[in-house]
Each structure stands twice: as structure tokens, then as C-alpha cells.
Amino acid sequence: MASIGVLLLQLGTPEAPTRPALRRYLAEFLSDHRVIDLPRWQWLPILHGIVLNTRPQKSAMEYAKVWTPEGSPLLVTSRRQAALLEAALRSRGIDAVVRVAMRYGRPSTEDAVAELEAAGVSRIVALPMYPQYASAT
């Protein structure tokens, strides 16, 4: 049972470089009123009528260019950082569990917090890994 949980928060990534995965990711990301600063009555028809019917395929092709055999570059790098941070903390005698969470996509913040709670942490420290001044933060 670790005493501290550390949550490395990233903005997000799709689960795969495919049209369906990008559609799910973009729907979640672009539905956040803190990301698109338009009235919902105005934005949602554009999102569902145009953006989610055209952008996922284009985005999937771009993601496929950078996708690695291990998965999303952002997720792969973030998990490596989490493992290194956990090892560094433990080498200093700090009993910690470090996990990655995505604001949009998977692993979700809710899932990562549940995983830390299941590990028995008594407190969680959140470290945003993207601009803290962004309205999405």
C-alpha cells in the first residue's frame, strides 16, 4: 500500500490512429465548452454536422504517421515518465505510485484515480503536463 499517488495529467490522445477512435476522441475534446468558446446551440450542430464527419479521417491519417508500435507517442512517453518518476521517488524512500491520466481519451482521469485508490494511496498529487493557463485545465 503506497502512501502517495502521483497523477501525471496530459491533455489527451486517441486510442488508435483510426477514424472511429479519432471520432470518439474529437467528440469528447471538442464538446468541452472550455475548448471551443462558442454557445453550445451554435457549436454542436457544426461539430456533429461537419467536423465529426470530415475531421476524423484526416486526423487519423496524420496520427498514423507518428503512431508507434507501442501506441500513441504521447501516451508511451507519458508512461515512461511515470515509471521513471516512480522509480526516482522510491529510490529516495518515498512510497509512491505514479499513473498517467488524460483529460480527453484514455486512460481517463477517473480511471487513473480509481487505480490509485485501489492501490491504497492516502493522498494524490496531480501534476498537469500541459499549459496550466489553458481554460481546459
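Helices (runs of H or I in DSSP, at least four residues) and strands (runs of E, at least two residues) are numbered here from the N terminus. In these terms, I46 is placed in helix α2, and the protein chain as a whole holds 4 helices and 3 strands, which follow one another from the N terminus in the order β-α-α-α-β-α-β. The structure is a predicted model, in which local features need pLDDT of at least 70 and side-chain atom pairs count only at pLDDT 80 or more, whereas totals for chains, interfaces and linings use all residues. Residues are numbered from 1 along each chain as its sequence is written, and side-chain values use heavy atoms, with hydrogens and water left out.

Taken along the principal axes, the C-alpha atoms of the protein chain fill a box of roughly 55 × 35 × 25 Å. Of the 137 residues of the chain, 37% count as buried, where buried means under 20% relative accessible area, exposed means over 50%, and partly exposed lies in between (1.4 Å probe, protein chains only). The chain exposes about 8,000 Å², of which carbon and sulfur atoms supply 58%; accessible areas come from the Shrake-Rupley method with a 1.4 Å probe, and for residues only the protein chains shown count as cover. Among contacts (heavy atoms within 4.5 Å) between residues at least 6 apart in sequence, 71% join residues at least 24 apart.

A search of the whole structure finds 8 salt bridges, a salt bridge being a side-chain nitrogen of Lys or Arg within 4 Å of a carboxyl oxygen of Asp or Glu. Side chains of opposite charge can pair when their charged atoms come close. D32 forms a salt bridge with R34, the closest N and O atoms being 3.0 Å apart, and R34 is partly exposed, with a relative accessible area of 36%. The side chain of D32 also meets that of R103 in a salt bridge, at 3.1 Å from N to O. Because R103 lies in strand β2 (residues 96-105) and D32 in the loop between α1 (19-30) and α2 (40-66), this pair ties together parts that are 71 residues apart in sequence. R103 is partly exposed, with a relative accessible area of 27%.

A further salt bridge joins D95 and R90, whose closest N and O atoms are 3.8 Å apart. D95 is partly exposed at a relative accessible area of 30%, and R90 likewise counts as partly exposed, at 41% relative accessibility. Through salt bridges that share partners, E86, R90, D95, R99 and E115 are joined into one network.

Nonpolar residues were examined as well. L38, I46 and I50 form a nonpolar patch on the surface, with about 230 Å² of accessible area together; patches are made of residues with over 30% relative accessible area and no salt bridge, like charges being joined within 9 Å and nonpolar side chains (Val, Leu, Ile, Met, Phe, Trp, Tyr) within 5 Å. L85, which lies in helix α3 (residues 73-91), is partly exposed at 28% relative accessibility. Leaving aside its neighbours within four places in sequence, L85 is in contact with V6, L8, V98 and L127.
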